[in-house]
Amino acid sequence: MRRERVLAAAVAVMFAFPLCVDRVYARAQQDDRQQMKGLDEQVQEIKSDVLNIAEELNRLEEKLLYPSGTQVAVFIAVTKGDLMRLDAVRIQIDGQLVAHHIYSAKELEALRKGGVQRIYVGNVASGEHRLEVLVDGKVEGGADFSRTERFTFRKEVKPKMVGLTLAGPGSGAAPIALGEW
C-alpha cells in the first residue's frame with residue numbers, strides 16, 4: 001500500500017512538473033514581452049527627443065549663419081494657370097551664382113497649385129544689389145524657352161524677402177516678375 005502511494009505521488013509529480021515548467025516559461029515570456037515593449041517606448045522617446053534637438057539646432061544655425069540684419073531670401077512662384085514646364089532656375093546676386101535648381105515633376109505640380117519655393121537664403125550687405133534670374137523650360141507645345149531678367153533691389157538693415165513669379169511665353173504675363181514679399 002505504501003508502495004502504491006509513493007508510485008501515485010511519483011506519477012502526480014511527473015504530470016505536474018511539465019505544467020509547472022510550462023507556467024514558469026509562459027510567465028518568463030510575458031516578462032520579456034513587457035521589457036521589450038518598455039524598451040521600444042524608450043527608443044521612440046529618444047528618437048523624438050533627437051529630432052526635436054536637431055530642429056532646434058537647425059534654427060540656431062540659421063540665426064547664426066544668416067543674421068536678420070543681413071539676411072536675404074529669394075522665393076519662386078509660378079503664375080496660376082500657366083502650363084509651361086519649368087526645367088531649371090539659376091539665380092545670381094551681384095554676379096555670384098547663389099542658387100541653381102532643377103525641377104522634378106512633383107515640384108512643378110506643387111508650384112502650379114500655388115506653392116512657393118524658398119530657393120535661396122543668404123547674407124548681403126545693406127545697399128543696392130543686382131539680381132539676375134535665368135529660367136529654362138518648355139512651352140505647352142514642347143518647344144524650349146529660356147529667359148534671363150536682371151533686376152536691382154535695395155537691402156535695408158532688416159531681413160529682405162524677394163519674390164520671383166515665373167510665367168511661360170504664352171501666358172500673357174511677364175516671364176519673370178520681381179516682387180517683395
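Which residues touch the most other members of the largest nonpolar core? They are Leu86, Val89, Ile91, Ile119, Leu131 and Leu164, out of 26 residues in that core. A nonpolar core here is a set of buried Ala, Val, Leu, Ile, Met, Phe, Trp, Tyr and Cys residues joined through side-chain atoms within 4.5 Å. Buried means under 20% relative accessible area, exposed means over 50%, and partly exposed lies in between (1.4 Å probe, protein chains only).

This is a predicted model, in which local features need pLDDT of at least 70 and side-chain atom pairs count only at pLDDT 80 or more, while totals for chains, interfaces and linings use all residues. Residues are numbered from 1 along each chain as its sequence is written, and side-chain values use heavy atoms, with hydrogens and water left out.

Two or more core residues come from each of β1 (71-78), β2 (85-93), α2 (105-112), β4 (117-123), β5 (127-138), β6 (144-155) and β7 (160-166). These helices (H or I, at least four residues) and strands (E, at least two) are DSSP runs, numbered from the N terminus. Beyond its neighbours within four places in sequence, Ile91 has contacts that include Val74, Ile76, Ile119, Leu131 and Leu164; contact means heavy atoms within 4.5 Å.

Now to the sheet: four strands form an open one in the order β3-β2-β5-β6, with antiparallel pairing. Its edge strands, β3 (96-102) and β6, each pair on one side only. Two strands pair if DSSP finds at least two bridges between them, and β5 and β6 have twelve, in the antiparallel sense. Leu131 stands opposite Phe151 in β6. Helix α2 lies across β2 and β3, at about 85° to β2. For that angle, axes are lines fitted to C-alpha atoms, for helices over the stretch in contact, and angles run from 0 to 180 degrees between N-to-C directions.

**Salt bridges**

The structure holds eight salt bridges, each a side-chain nitrogen of Lys or Arg within 4 Å of a carboxyl oxygen of Asp or Glu. Here are some of them, with the N to O distance.

| Pair | Distance |
|---|---|
| Arg59 and Glu56 | 2.6 Å |
| Asp87 and Arg85 | 2.9 Å |
| Arg150 and Glu132 | 3.4 Å |

Arg150 lies in strand β6 and Glu132 in strand β5, so this pair ties together parts 18 residues apart in sequence. Arg150 counts as exposed because its relative accessibility is 60%, whereas Glu132, at 25%, is partly exposed.

Arg59 and Glu56 both sit in helix α1 (residues 2-65), three residues apart, about one turn of the helix. Together with Glu55, they are linked in a network of salt bridges.
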